[in-house]
Amino acid sequence: MNLHIFKSIPELNENLIKYVIEIANQSIATKGRFDFVLTGGNSPKELYKEISTTFKDKIDWTKVYFFFGDERYVLPDHKDYNGLMAKETLFNNLQTPEDHIFYFDTTLPPADSAKAYKAALDKHFNGEEIVFDLILLGMGDDAHTASIFPETELVKSIHQTVESVWVEKLDTYRISLTAPLINKAKNIAFITFGENKANALKHVIGDEQKDYFVYPAQLIKPLDGNLDWFVDDKATGFLDL
Ligand SMILES: O=C1O[C@H](COP(=O)(O)O)[C@@H](O)[C@H](O)[C@H]1O
């Protein structure tokens, strides 16, 4: 695991963008495309804006396919829909064709939406193993990642798939890639900043004794790939470094 600590969010974003560009170009050179899983939430908004404007010409975007690690169970025009956030901060700037974006269909019942997403992934990967080139993840202050929330059924999933889950404390469904599927990626990077993430980060990367049910982000351990954390010094405030 590589921990990259920055003094400011712009510095963090700039370095994470360089990392994304390198992996994108490597993937395009070796396999002809870049399968890129986006995180939702607030943390990546500036990153998406920057990479699709200032750094737009650094990647051949016609070779990039976008996926989501998770989705909130709201309709696609709802302000909380991760896909809408990515559209407004990234896809609109890049004029990404619709057939390069894999949105969750939240007009379906949650379990059907998860099933449809898995089927779309199987089709894209042509029936072969689903191995993403890069998965970007965020982490909530409760140590959830993607939509794997503490004390939910998804923590226990042993399947490399996509599942819907009831999140009692939010009183809503979520749809998410499972940890075993995420862990097959070639590269996984977390973007995490702010004091409110410090306690979770301390437990997720600092605890020897794991407690996945309480700190689900501890589940993220790539099988053969690389794991990088891009964090700021506020988020590392409780870590013994
Ligand atoms: O609900 C979600 O939260 C996490 C963390 O979001 P952030 O706003 O704290 O950055 C995010 O990674 C996930 O995609 C999203 O659905």
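Modeller: The shell around the ligand holds one nonpolar, ten polar and two charged residues; Ala, Val, Leu, Ile, Met, Phe, Trp, Tyr, Cys and Pro count as nonpolar, Asp, Glu, Lys and Arg as charged, and the others, Gly among them, as polar. This is a predicted model, where local features need pLDDT of at least 70, side-chain atom pairs count only at pLDDT 80 or more, and totals for chains, interfaces and linings use all residues. Residues are numbered from 1 along each chain as its sequence is written.

Colleague: How many residues surround the ligand?

Modeller: A residue is near a molecule if its C-beta atom, placed from the backbone, lies within 6 Å of it. The closest to the ligand are G40, G41, N42, S43 and G138. The number of residues surrounding the ligand is 13.

Colleague: What is the strand order of the open sheet?

Modeller: Strands are DSSP runs (E, at least two residues) and helices likewise (H or I, at least four), numbered from the N terminus; two strands pair if DSSP finds at least two bridges between them. β5 (residues 134-137) is joined to β2 (residues 34-38) by two bridges and to β8 (residues 187-192) by three. The sheet has six strands with parallel pairing, in the order β1-β9-β8-β5-β2-β3.

Colleague: Why is one side of β1 and of β3 left without a neighbour in the sheet?

Modeller: β1 (2-6) and β3 (64-68) stand at the edges of the sheet. One side of each is left without a neighbour because each has a single partner strand.

Colleague: Are the residues on the two faces of β5 buried or exposed?

Modeller: In a regular strand the side chains alternate between the two faces of the sheet. A residue is buried if 20 or more other C-beta atoms lie within 10 Å of its own, exposed if 12 or fewer, and partly exposed in between, with C-beta atoms placed from the backbone. L134 and L136 on one side of β5 and I135 and L137 on the other are all buried.
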